[in-house]
Structures are given as C-alpha cells and as structure tokens.
Amino acid sequence: MKHRWARQYMKHATVICSVLLVVGLPGREAHAQEQEGGFWDAVLEWLSPSSETDEASRNASRHEGATDSDVARSVQELMGEIHILRDELGVFDYPAEAELQEDRAPIHVYAKTLEVLSKVARTQRRFGVPPAEGRRQIPFKEVDSADVMEMVEYLISEVRKIKTQMLITREIEPVELVGGLSASVVYKNLADVSFLLDGLGGRPLTPNDVFMNCVAILDEMVLIAGEIGVSLEPAPPDVAEEKVPKEVAQQVLRATYKVINLQTRLGMDASGVPTLTLVRVTPSEVYDSTNMLLAEMARIKFHLGVEEQRAERSEPSGKTPKDSFAMILGIIKNLDRMASAVRV
C-alpha cells in the first residue's frame with residue numbers, strides 16, 4: 001500500500017514539474033544563459049522562496065502557539081545573558097526591582113520589550129557593537145505571546161553580540177519551563193531586565209526619555225483623532241513651577257483613566273489601570289507608565305483600523321519633569337476632546 005502511494009506521488013510530482021518546465025521557464029532559461037549560471041540554476045532559484053520570506057515564515061512557525069510561560073522562560077534566558085555580561089565586565093551596582101502589575105496583556109509586554117530594546121542598543125553603542133533596531137513600533141495587529149516571543153529572542157541575539165564583541169564565551173544554564181505564568185509576570189521580569197541594563201548602558205532613563213514618549217503619545221492621538229473627525233491642540237499648556245517625577249506620574253494616572261473612558265466609548269474592552277505606588281518615583285517608573293499609554297494608543301488604532309505609523313522624531317535634550325508634566329496635561333485635555341466627539 002505504501003509503495004503504491006509512493007508511486008502515485010512520484011507520478012504526480014513528475015507531471016507538475018514537467019508543466020512548470022514547459023510553461024514557466026522559457027524566459028528564465030534565456031535569462032540564465034545571459035548570466036554565468038546555467039539553466040538548472042535558474043530552475044532552483046525560481047522554485048526556492050526568497051530568503052526574507054522564508055525566514056519570516058520560519059519565525060512565524062517557530063513561535064506559533066507560544067504561551068506566556070514560554071515567553072517567561074525566554075525572558076529568564078535573556079536575564080541570564082545579561083547577568084553574565086555584568087559579571088564578566090565588573091558591573092556590580094544594585095538595580096531596582098520592579099513591582100508586579102496586574103491585568104497586563106501581551107501588547108503591554110511587547111511595549112516593554114521596546115523599552116528593553118532601546119537599552120540594549122544603548123549598551124551596544126557603549127561597547128562598540130552596531131546598535132540594534134531600537135526604533136520599532138507596536139505592530140498593527142492583535143499582539144499575542146508569539147509576537148512577544150519573537151521580540152525576546154531578538155533581544156537575546158542582540159545581547160549575545162555584545163558577548164561576542166567582548167570575547168565572553170560563558171554560556172547560561174538551561175532554564176526550566178514553569179507552567180501557568182501570566183503576561184503580568186512576564187512584564188515584571190522584563191522590567192527587572194530593564195533595570196539590569198542600566199548598569200551596562202551607562203545611565204538609567206531620564207526626563208528626556210519620558211518627554212519623547214509623551215510626544216509619541218500625542219503623535220498617535222493625532223492619527224486617531226483624524227479617524228474620528230476631531231482636531232487636537234498640539235501645543236501643551238504653560239506650567240510655571242518646576243515638577244518632580246511623582247507629579248508627572250500622577251498626571252499619567254489621570255490620563256490612563258481618560259484613555260479607559262475613550263476605549264469604553266469606542267466599544268472596546270478597556271484595559272486595567274496600571275499599579276502605581278507613587279511613593280518613590282523615578283523617571284524610569286514614569287517612562288514605564290507612559291509606555292503603557294502608548295500600548296493603549298496602539299490598541300485603539302487597531303480597533304479603528306488606523307494603520308498609519310507615527311513619524312519618528314529625533315531624541316530631545318535638556319528636558320525636565322516640568323516639560324513632561326505640561327505634555328501630559330495637553331494629552332489629558334485632548335483625550336477629553338476625543339471622548340466628547342465619540343457618540344456612545
């Protein structure tokens with residue numbers, strides 16, 4: 001039975017190949033004769049998928065069906081690689097430890113990988129490695145654990161480039177898979193990775209980074225506002241007094257409630273409010289909370305079908321918490337304008 005099936009398969013395959021050779025390849029044969037390669041090189045080139053498409057297909061296949069637990073294991077591998085770098089390069093600062101947040105979804109975790117990516121690129125520049133692509137944006141799709149897994153594996157490969165540059169051959173220990181983990185756990189672990197990279201990259205996040213995120217949020221809002229037919233006020237209000245990161249974080253929390261209101265009016269499943277203790281707040285915590293606002297903007301864009309990406313801007317300098325405070329006030333005001341324009 002098996003031999004009969006094999007003969008039938010070979011018969012059909014022979015017919016198909018014959019048709020392809022007769023119908024599809026005359027032009028390619030002529031082209032091949034003009035080149036150094038021969039006719040059969042053209043056949044193989046035609047039948048083989050492009051390397052870019054093939055690689056994308058392999059990545060999609062490899063990560064398909066990934067769970068939060070799978071991603072958590074990869075994050076632990078990433079953390080292990082960074083610990084090796086810190087040990088071998090003599091980085092012995094005491095990084096902060098992130099708090100566990102609740103109700104985090106894969107899209108929020110993806111946004112966190114973008115923060116980590118920017119720090120990996122900064123570390124690469126410090127050690128003479130061509131920097132990774134640190135300006136990615138959240139993709140226009142329903143982000144799932146497979147997307148996060150792809151990003152984490154990319155981060156691992158970029159960190160290993162630093163090890164190669166510094167002639168570090170020590171490898172991480174195998175990481176055991178622990179089942180039942182959530183996206184919130186993965187998010188917390190990535191936040192710990194972000195803090196670990198501060199010692200390697202030379203500096204933690206600053207008010208300049210926070211301000212850049214605020215500008216990105218407003219740019220995303222402009223795209224969303226165009227879809228729902230409302231004009232925004234791009235200029236932030238004037239703020240007289242100096243501010244501290246805690247005051248900026250308080251306004252980001254206000255903005256989060258405004259985003260939830262807008263999502264509800266748009267008929268979306270609204271996200272939860274991030275856990276913010278607001279006790280000792282640094283620019284890193286404020287950046288994290290603005291990163292979550294960016295993730296929520298991406299969710300709204302996908303819900304409305306807004307595929308256009310915001311333009312990339314150059315990194316600012318000389319910004320203070322007061323500048324970000326003013327930007328967040330402007331974001332809150334414009335969120336109210338957008339919510340008012342949506343009919344419930």
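In which sense, left-handed or right-handed, does helix 5 pass helix 8? The crossing of helix 5 with helix 8 is left-handed (the near helix is turned anticlockwise from the far one by less than a right angle; clockwise would be right-handed).

The model is predicted; local features need pLDDT of at least 70, side-chain atom pairs count only at pLDDT 80 or more, and totals for chains, interfaces and linings use all residues. Residues are numbered from 1 along each chain as its sequence is written, and side-chain values use heavy atoms, with hydrogens and water left out.

The protein chain has an average pLDDT of 82 (the predictor's confidence in each residue, from 0 to 100). A score of at least 70 is reached by 79% of the residues. Helix 5 (residues 68-89) has the highest confidence, at 96. Helix 2 (residues 26-34) has the lowest, at a mean of 41. Helices are DSSP runs (H or I, at least four residues), numbered from the N terminus. Over residues 1-53, pLDDT stays under 50. The model has 20 contacts beyond four places in sequence for this stretch (contact means heavy atoms within 4.5 Å). Where pLDDT is low, the predicted coordinates should not be read in detail.

Helix 5 packs against helix 8 (residues 183-201) at an angle of about 15 degrees, and their axes are 10 Å apart. Axes are lines fitted to C-alpha atoms, for helices over the stretch in contact, and angles run from 0 to 180 degrees between N-to-C directions. Helix 5 is therefore roughly parallel to helix 8 (angles under 35 degrees; over 145 is roughly antiparallel, 65 to 115 roughly perpendicular and the rest oblique). Contact residues include Val71, Leu78 and Ile82 of helix 5 and Val186, Leu190 and Leu197 of helix 8.

Helix 5 also meets helix 7. Their axes come within 9 Å and cross at roughly 15 degrees. This crossing is left-handed. Among the residues in contact are Val75, Glu81 and Leu85 of helix 5 and Val152, Ile156 and Lys163 of helix 7.

One aromatic pair is found in the whole structure (rings of Phe, Tyr and Trp, its six-membered ring, with centres within 6.5 Å; planes under 30 degrees apart count as stacked, over 60 as edge-to-face and the rest as tilted). The ring centres of Phe140 and Phe302 are 5.2 Å apart and the planes stand at 65 degrees, so the pair is edge-to-face. Phe140 lies in the loop between helix 6 (106-126) and helix 7 (145-165), and Phe302 in helix 11 (residues 283-304), so the pair ties together parts 162 residues apart in sequence.

How values were computed: Helices (H or I, at least four residues) and strands (E, at least two) are DSSP runs, numbered from the N terminus.
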